[in-house]
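Me: I have a model open here and would like to talk it through with you. Could you take my questions as they come?

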Amino acid sequence: MSLVLPENFKAHYRNLSKTNPDDFKNIEIEEFFKYCGLPLRKAFRFNQLKYRGNTGKNIFIHETEKQKWEIEPIIWCNNGYFVDRKEEVKTIAIGATVPHVLGGIYLQEASSMLPVTALFHGHENIDFSDLSVGDLAASPGSKSTQIAEKMHGKGILLTNELSSTRLKALYSNLERCGVSNSLLTHYDAENLCNLLPNTFDFLLLDAPCTGEGTVRKNFKALENWSPDDAVTMANLQKKLIIAAFTALKNGGELVYSTCTLGDPENRDVVNYLREKFPNQVEIISLENLFEGAEKAITHEGYLQIWPQIFDSEGFFVAKIRKNLNTKTIEAQNKIFAEKDKHQEEKNLKKFPFTKVTKKQNVEILEILYSQWNFALPENFELWNRDKEWWAFPKRIEHFVSNIKVDRIGVKIGEMHGKGWKTVYEFCSAFGNICTKNMLEITEEQVKKVYAGNNLDFENNSDNTKLIFNKKEAKEIMLTYKKFPVAIGKMTIAGNNLKWKNQLPRVLLRNLK
Ligand SMILES: C[S@@+](CC[C@H](N)C(=O)[O-])C[C@H]1O[C@@H](n2cnc3c(N)ncnc32)[C@H](O)[C@@H]1O
C-alpha cells in the first residue's frame, strides 16, 4: 500500500512555506511529502534496568546477533538503536521474542526517544534519590520506561494516563521492564497537576496531539486531516502546559513534546505559556542536544523534527525551566503553609496500606534474604495490606495524601497460612539483584514457561543440586542469561524435579 497524502494537507503546508519563508528556509516541502510516504526504520532501546552495566550491554549485543538483528546506534539516545532484520527473520515480530518479553528491549520510534534525552540533558550524573519526576500523558509507556531507566530505581516516578484501556498497557510495560519506583495514576493531567502544585523536579508532557508526524508508521493518520483539529487540540494542550508548569518546583524543568508538525500544537502552545508567565519561563535551547541538532532547531531553541531531516517520524520538543522570583516564592510558601495539613493527615489515614512495624520489617527482610539473598534497595520501604507485602519508594506520603494512586512500587509477596509466596512482580523488578535459589534455563525452556508449561529437571544435575537438596517444595526463580524469567515451586517427582509454573496467566503467550 502506498500513501496518498490528502490534497488539503499538502496545500496547507505548501502555502505555509510561502507565507512563512523564514520557518521553512531549510525545509524542502516536496521532500517532506516524499518522506511521509517512505517506510519507517524500526528502532528500539535496550533496557538497562534489565541488562545491567557493561555485562548487560555485552549480553544485549550477543542477543541481537543471535536473533539476526542488525543494529545501528541512534545518536541522540545512549541505548537506542535502529534495527534491521535479516531476511529469514523479517516476519518474526520483535515483540514476540524472548529479549522483548523479558523486558530487555522496548520498541520505540527513534525521534520519540528525544524528549527524555532532552529532559535530563545537562543532568547526566544526577542522583535521583530525593527527586520527583512525572510523565503526565504516559501510555503506552515508551518514555516512562526510558525515564525509569535513567532513574535506576531511585526517587519517585509518577506516571499518569487518562484513558482506562491505555492505563493497562502502561502498567504491563512498566512491569515487563522492571520499573520499581513508579506511582501509577489515572487522571486528567490538568486536574492531577492542580492537586500537586510545586511538586516535581522534572516533568514530561508528551501531549495528546493530532499526530501529523506519525504518518510513516500509520498511513491512515492523515485520512481525515483538517486544520481545525489542530486548533481544538491546541486548546487542550494549552490547559495542560499551564497546569504542568504549576506542578513544577521552582528551578524544575519541563519538556513539552508532540508527534505533530504544525505550529498551533507546538511553538504556539509553548509561546502561550511564555506569555502567561513572562518572568518565570526560561526556554532552554536544545541546539546542542546532539551532534546535528542544529539542523532541526527553531529560532526559539525548540526542536522541530521534520521526517526528512533524520529519516524518522516527525516530532516537536521544547524544554522549559521554571524560575520564580523571591517575591513569588514567598507568596507561594504562604499559600502552602496555609494548606489544610489536617486534611492531608486525614487522607493519609484512609490510605489502605500501612507502613510495616520494625518487627515486621525484620521478619519480611529475613524471609527475602534467606530465600533470595535479597536486600531491599535504599530507596524503598515496606508497606502492608492484609496478606500482601509491598516495596514502595520512600516519600510517597505527599502524593497519597493529595491524589488517588492506582498502583505504587512493587508487590513483593503474600503471607498465607501455608507460608510465604513471592510474586512475579518481585521477580521482574528485583530478580536481577537476587543470587540464591536461581536456576538458569535455555531459550527453549523460556518459551515453554510462557506457553504455561511446568518444567522437569534432572535431580542432582550440576545445575540443580546446589539449589535443591530438600524434600519440601521450594520457590525457585528461573533465569535466562541472568534475566529473571519467573518464580515457581520446585518439588521432587520420582527421580526428577518438577518446577510448577506460577507465571500470571495474563502474561502467557506463544513466543517466537
Ligand atoms: C502522545 S500519547 C503518549 C505517548 C507516551 N508518552 C509514550 O511515549 O508512550 C498521549 C497520551 O495522552 C493521553 N491523554 C489524552 N488526554 C489526556 C489528559 N487530559 N490527561 C492525561 N492524559 C491524556 C492519551 O490517552 C495518550 O495515551
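**Strands, core and domains**

Reply: Gladly, and as a place to start, isoleucine 476 stands opposite glycine 488, which belongs to strand 22. Please keep in mind throughout that this is a predicted model.

Me: OK, how many bridges join strand 21 to strand 22, and do they run parallel or antiparallel?

Reply: Strand 21, covering residues 474–480, is joined to strand 22, covering residues 483–493, by 7 bridges, and the two run antiparallel.

Me: And what's the order of the sheet they sit in?

Reply: The sheet is an open one of 5 strands in the order 19-21-22-23-20, and its pairing is mixed.

Me: Which strands stand at the edges there?

Reply: Those are strand 19 (438–440) and strand 20 (455–458); each has a single partner strand, so one side of each is left without a neighbour in the sheet. On average, and with direction ignored, neighbouring strands of this sheet are turned by 40 degrees against each other.

Me: Switching topic, which residues touch the most other members in the largest nonpolar core?

Reply: That core has 127 residues, and the ones touching the most other members are Leu203, Leu205, Ala244, Leu254, Tyr256, Leu303 and Val317. Helix 9 (residues 227–247) supplies the largest share of the core, with 9 residues.

Me: What is tyrosine 256 in contact with, sequence neighbours aside?

Reply: Once its neighbours within four places in sequence are left aside, tyrosine 256 is in contact with Leu205, Ala207, Ile241, Val269, Val270, Ala318 and Ile320.

Me: What about the open sheet of 4 strands, what order does that one have?

Reply: Its order is 2-3-1-4, with antiparallel pairing. Strand 2 (69–73) and strand 4 (105–107) stand at its edges, and because each has a single partner strand, one side of each is left without a neighbour in the sheet.

Me: How many bridges pair strand 1 with strand 4?

Reply: Strand 1 (residues 43–46) pairs with strand 4 over 3 bridges in the antiparallel sense, and phenylalanine 44 stands opposite leucine 107 of strand 4.

Me: Last one, zooming out: how is the chain divided into domains?

Reply: The assignment gives domain 1 (7–111), domain 2 (112–327), domain 3 (347–427) and domain 4 (437–507). The centres of domain 1 and domain 4, taken over C-alpha atoms, are separated by 36 Å, and the contact takes 6 residues from domain 1 and 7 residues from domain 4. On the side of domain 1 that touches domain 4 there are 4 nonpolar, 1 polar and 1 charged residues.

How values were computed
Residues numbered from 1 in each chain as written. Predicted model: local features only at pLDDT ≥ 70, side-chain atom pairs only at ≥ 80, totals over all residues. Domains from an automatic or database assignment. Contact = placed C-beta atoms within 7 Å. Nonpolar A, V, L, I, M, F, W, Y, C, P; charged D, E, K, R; others polar. Pairing = 2+ DSSP bridges. Axes fitted to C-alpha atoms, helices over the stretch in contact; angles between N-to-C directions. Core = buried A, V, L, I, M, F, W, Y, C linked by C-beta atoms within 7 Å. Buried ≥ 20, exposed ≤ 12 C-beta atoms within 10 Å, placed from the backbone.
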